[in-house]
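Q: Could we go through some of the ring pairs and helices in this one together? I'd like to start with the rings.

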Amino acid sequence: MRRLFVLIAVLFLPAAALAAAPKPAPQSAVFAGGCFWCMENDMRGIPGVLKVESGYTGGHVDRPSYRDVTSETSGHYEAVRVTYDPGKLDYGFLLYKYWKLVDPTDDGGQFCDRGPSYRPAVFVTPAQRPVAEKSRAEAAKRLKTGMMRAQILDLKTFWPAEAYHRDYAKNHSIEYHAYRMGCGRDLRLKQVWGN
């Protein structure tokens with residue numbers, strides 16, 4: 001009987017111990033890559049991503065509006081805050097996916113959206129910086145054309161965008177796809193990264 005108890009404990013204890021292990025807390029990352037509608041939609045499709053929120057960061061104006069940001073006087077970027085499950089997705093892989101969604105060779109904006117608020121950038125905490133810097137260097141080697149110009153910047157306050165900008169691709173599918181195609185985003189990404 002004692003052997004049976006030990007055998008059962010050996011077989012089932014590890015699974016029970018694993019089930020009792022605390023789940024890692026969600027983490028977040030902030031990226032700018034031109035139109036936040038496109039970034040929000042594309043990042044949402046990555047397995048392990050829990051939530052993607054459009055907003056603004058990097059500038060000097062508190063609670064900026066879309067008008068403030070696109071006036072190019074606030075210093076803010078259109079950006080997304082990505083909340084992810086670190087048990088399913090690590091920050092390095094999220095960065096790898098991010099680079100493929102932007103043209104990091106264009107520091108004048110992204111695709112048809114021009115101006116400083118549309119530049120590509122990764123906003124980092126001190127702990128994220130070394131991973132982001134390494135990822136940026138690796139991405140630069142994979143470029144098919146141009147030089148890496150996207151920056152790694154210190155994370156500042158992230159201000160959520162107005163409600164009408166959130167979930168734009170889902171809520172305005174026809175308009176979103178017309179904008180994306182007309183802007184030439186996917187065609188340019190193929191030129192920068194290949195197929």
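Q: Where do Phe-93 and Tyr-96 lie?
A: In this predicted model, both of them lie in helix α4, three residues apart, which is about one turn of the helix.

Q: And how are their planes set, what's the angle between them?
A: There are 25 degrees between the planes and 6.0 Å from centre to centre, and the aromatic pair of Phe-93 and Tyr-96 is stacked.

Q: How exposed is Phe-93, and how about Tyr-96?
A: Phe-93 counts as partly exposed at 39% relative accessibility, and Tyr-96 likewise counts as partly exposed, at 34%.

Q: How many aromatic pairs does the structure hold?
A: It holds eight aromatic pairs. One of them joins Phe-31 and Tyr-98, whose ring centres are 4.7 Å apart with the planes at 20 degrees, so this pair is stacked.

Q: Which parts does that pair tie together?
A: Phe-31 lies in strand β1 (residues 27–33) and Tyr-98 in helix α4 (residues 91–100), so the pair ties together parts that are 67 residues apart in sequence.

Q: Buried or exposed, Phe-31 and Tyr-98?
A: Phe-31 is buried at a relative accessible area of 0%, and Tyr-98 is buried with 0% as well. Together with Trp-99, Phe-31 and Tyr-98 form one aromatic cluster.

Q: Switching to α7, which residues are buried there?
A: In helix α7 (residues 173–183) the buried residues are Tyr-176, Tyr-179, Arg-180 and Cys-183. They are on the same side of α7, because they cover an arc of only 95 degrees around the axis.

Q: What do they pack against?
A: The buried residues of α7 pack against α2, β5 (113–114), α6 (168–171) and α8 (185–193).

How values were computed:
Residues numbered from 1 in each chain as written. Predicted model: local features only at pLDDT ≥ 70, side-chain atom pairs only at ≥ 80, totals over all residues. Heavy atoms only, no water. Buried < 20%, exposed > 50% of the residue type's maximum accessible area, 1.4 Å probe, protein only. Helix = DSSP H or I, 4+ residues; strand = E, 2+ residues; numbered from the N terminus. Arc of directions from axis to C-beta. Contact = heavy atoms within 4.5 Å. Phe/Tyr/Trp six-rings, centres within 6.5 Å; stacked < 30°, edge-to-face > 60°.
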